[in-house]
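New notebook page, new structure. I want to look up which side chains pair with which.

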Amino acid sequence: MFDLIKPIFSILAEMAKTRFELIGTELEEERLRWVELLIIAGVSLFLWAMGLVMASLALIEWVGELHRLQTMMVLALTFIGGAAWATWRWKSKAAAKLPLLAKTLIELRLDAEALRQGARGRFHHE
């Protein structure tokens, strides 16, 4: 009897090992994705800020004394609108990711289904 059960436990142990390796891989991929998102966001924010500051100063200087205040207000509203859009876009991009460990959960469901089908097949043959 033990000789019949031993291969089953061996297969189950190998399946569990594979699934835990997949969990580790998915967690590492998610960590790297977030690090990359944060680095890109930081660099992007810095460069945009520098470019906008320089362009704003040049525009304010160019329009002269008469329209300086109006120009600053238009620029401020433009920056606030752009910041709102960028925040919305970043949130939607971050939320578009599959749930954590989605691939592992799919594989575990497939494993469970395969085991159920295998068990049904055994009981029907007896």
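Predicted model: local features only at pLDDT ≥ 70, side-chain atom pairs only at ≥ 80, totals over all residues.

Which residue forms a salt bridge with Asp111? I looked, and the partner is Arg19, with the closest N and O atoms 2.7 Å apart. This pair links distant parts of the chain, as Asp111 sits in helix H3 and Arg19 in helix H1, 92 residues apart.

Next I checked burial. Asp111 has 11% relative accessibility, so I put it down as buried. Arg19 comes out at 13%, so it counts as buried too.

I then listed what Arg19 touches. Leaving out residues up to four places away in sequence, I got Thr104, Glu107, Leu108 and Asp111. Glu107 also forms a salt bridge with Arg19, and here the closest N and O atoms are 3.4 Å apart. Glu107 lies in helix H3 (residues 102–125) and Arg19 in helix H1, so this pair ties together parts 88 residues apart in sequence. Glu107 is partly exposed, at 28% relative accessibility.

The structure holds six salt bridges. Another one I looked up joins Glu21 and Lys17, with the closest N and O atoms 2.9 Å apart. These two are four residues apart in helix H1, so about one helical turn separates them.

Last, I searched the whole structure for aromatic pairs and found one. The ring centres of Trp34 and Trp90 are 5.9 Å apart and the planes are at 65°, so I noted the pair as edge-to-face. Trp34 belongs to helix H1 (residues 2–63) and Trp90 to helix H2 (residues 68–95), so the pair ties together parts 56 residues apart in sequence.

Note on methods: Residues numbered from 1 in each chain as written. Heavy atoms only, no water. Phe/Tyr/Trp six-rings, centres within 6.5 Å; stacked < 30°, edge-to-face > 60°. Buried < 20%, exposed > 50% of the residue type's maximum accessible area, 1.4 Å probe, protein only. Contact = heavy atoms within 4.5 Å. Salt bridge = Lys/Arg side-chain N within 4 Å of Asp/Glu carboxyl O.
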